[in-house]
Amino acid sequence: MARVLIIGAGGVGQVVAHKCAQVPEVFEYICLASRTQSKCDAIAGQLTRPIDTAQVDADNVAEMVALINDTTPDLVINVALPYQDLSIMDACLETGTHYLDTANYEPRDTAKFEYHWQWAYQEKFKEKGIMALLGSGFDPGVTNVFTAYAAKHHLDEIEYLDIVDVNGGDHGKPFATNFNPEINIREVTAPCRHYEDGAFRETPAMSRKSTFTCPDGVGEYTIYRMYHEELESLTRHFSGIKKAQFWMSFSPNYINHLQVLQNVGMTRIDEVEYQGRKIVPLQFLKAVLPNPGDLGQTTKGRTCIGNIIRGKKDGKDVGVYIYNICDHEACFREVGSQAISYTTGVPAMVGAMMMLTGKWMTPGVFNMEQMDPDPFMEKLNIHGLPWKVVESATIGWNPED
Ligand code: NDP
């Protein structure tokens, strides 16, 4: 039995708290801490077992160290924002505490989505005898594990990887993002990079699109190619990959709003002078947009996120599609959140469970695909994210069409 400290009480933090609380045989003690303690208290009030809450500024390493010393967790689950990754990792190093997150570190002034800052902690974590598990959400996270699972059970060599993230949900608002608006819009407006023939190639943001028909009646959606951070680690760890792409669905309404916001400068991440003080337009925009954590009440429909993986088995061309479908309303009934927070929070809990039960415990800094996928895949089925595998012949979608 173990002790966990969860940092961040947003949409994802709420799901992680619920899901850890559901498994007392692993998570004996839980403390939920964030910048605003009242948000932690509100989440604690939804749970059927008591947890501790605390206030912390996770940008401040000394504050994080003091909180870790107070609560003595075995593991810190970081579901605050990517800006806090390094300060929390520093606090974990100082206190000898294991670390897990769901998004890679980003400096505030440039949207980079690169792992090198966190990979640089490899030797320090190893020497200290502690583990950091990076990107234990859905994408990155489950999509990395799906790739490792296909490599272990279905293919000898992965050649083509397409990750397709469809959100078939409707929140009923004119414009809203499904997770932190600042991070979401930075991601969507960044230039697209995909991997092809040994290098990443850059194309303008949202300049390539396709139509994808999801299985199990989820429907047909327009998906746009964009950069996503798991492409970096997956092409590093599966060196035979010839081409890797990430696709995400957006409604025409989302695209129209985003274009207007971009055209008028509201998605800028540099500081502008406003009435004698400096503000970042995208941060101001976040303050006026709906809170993603509140969208659960109105969101209907399903998500369908999966990997189409093609390559060779016994010299023959083969392929698989591994995917999960998640229902927004069912998530809301269970934990009071929509499916985007749910599909991120469940893998964070399962990744924590893998570490704390010793299935994935190795000192150093690791991406999900470096671990044995089987125990993680088994727990996804049990804890709310069941998955299916189908032969690629039945997918009926070719990214080159
Ligand atoms: P929210 O904005 O809803 O929540 C973020 C939380 O972090 C808030 O409670 C916020 O506090 C807190 N926080 C921010 N800064 C600090 C700080 N300096 N110290 C302490 N707490 C802080 O975001 P989400 O829950 O939607 O997303 C959480 C994380 O999950 C993000 O990193 C996001 O990128 C990642 N994510 C990963 C996905 C995946 O599949 N891998 C998918 C979706 C999200 P306050 O309330 O006071 O602002």
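I start with the contact rule: two residues are in contact if their C-beta atoms, placed from the backbone, lie within 7 Å. This is a predicted model, where local features need pLDDT of at least 70, side-chain atom pairs count only at pLDDT 80 or more, and totals for chains, interfaces and linings use all residues. I count residues from 1 along each chain as its sequence is written.

**Domains**

I looked up the domain assignment and got domain 1 (2-134) and domain 2 (142-337 + 387-394); such bounds come from an automatic or database domain assignment. Their C-alpha centres lie 24 Å apart. How many residues of domain 1 are in contact with domain 2? I find 14 of them, in contact with 15 residues of domain 2. The domain 1 side divides into six nonpolar, six polar and two charged residues. For these classes, Ala, Val, Leu, Ile, Met, Phe, Trp, Tyr, Cys and Pro count as nonpolar, Asp, Glu, Lys and Arg as charged, and the others, Gly among them, as polar.

**H7 on H14**

I then checked helix H7 (residues 142-153) against helix H14 (residues 373-382): they pack at an angle of about 125°, axes 9 Å apart. That angle makes H7 oblique to H14. Angles under 35 degrees count as roughly parallel, over 145 as roughly antiparallel, 65 to 115 as roughly perpendicular and the rest as oblique. Axes are lines fitted to C-alpha atoms, for helices over the stretch in contact, with angles from 0 to 180 degrees between N-to-C directions. H7 passes H14 in a left-handed crossing; left-handed is when the near helix is turned anticlockwise from the far one by less than a right angle, right-handed if clockwise. On H7 I see Val142, Val145, Ala148, Tyr149 and Lys152 making the contact, and on H14 Pro373, Phe376, Met377 and Leu380. These split into eight nonpolar, no polar and one charged.

**H13 on H14**

H14 also meets H13: their axes come within 10 Å and cross at roughly 135°. I log H13 as oblique to H14, with a right-handed crossing. Val350, Met353 and Met354 of H13 touch Pro375, Phe376, Lys379 and Leu380 of H14. I get six nonpolar, no polar and one charged here.

**H3 on H4**

Last, I turned to helix H3 (residues 61-71) and helix H4 (residues 85-95), which pack at about 50° with axes 9 Å apart. H3 is thus oblique to H4, and their crossing is right-handed. Val61, Met64, Val65, Ile68 and Asn69 in H3 meet Ser87, Ile88, Asp90, Ala91, Glu94 and Thr95 in H4. My class tally reads six nonpolar, three polar and two charged.

Methods
Helices (H or I, at least four residues) and strands (E, at least two) are DSSP runs, numbered from the N terminus.
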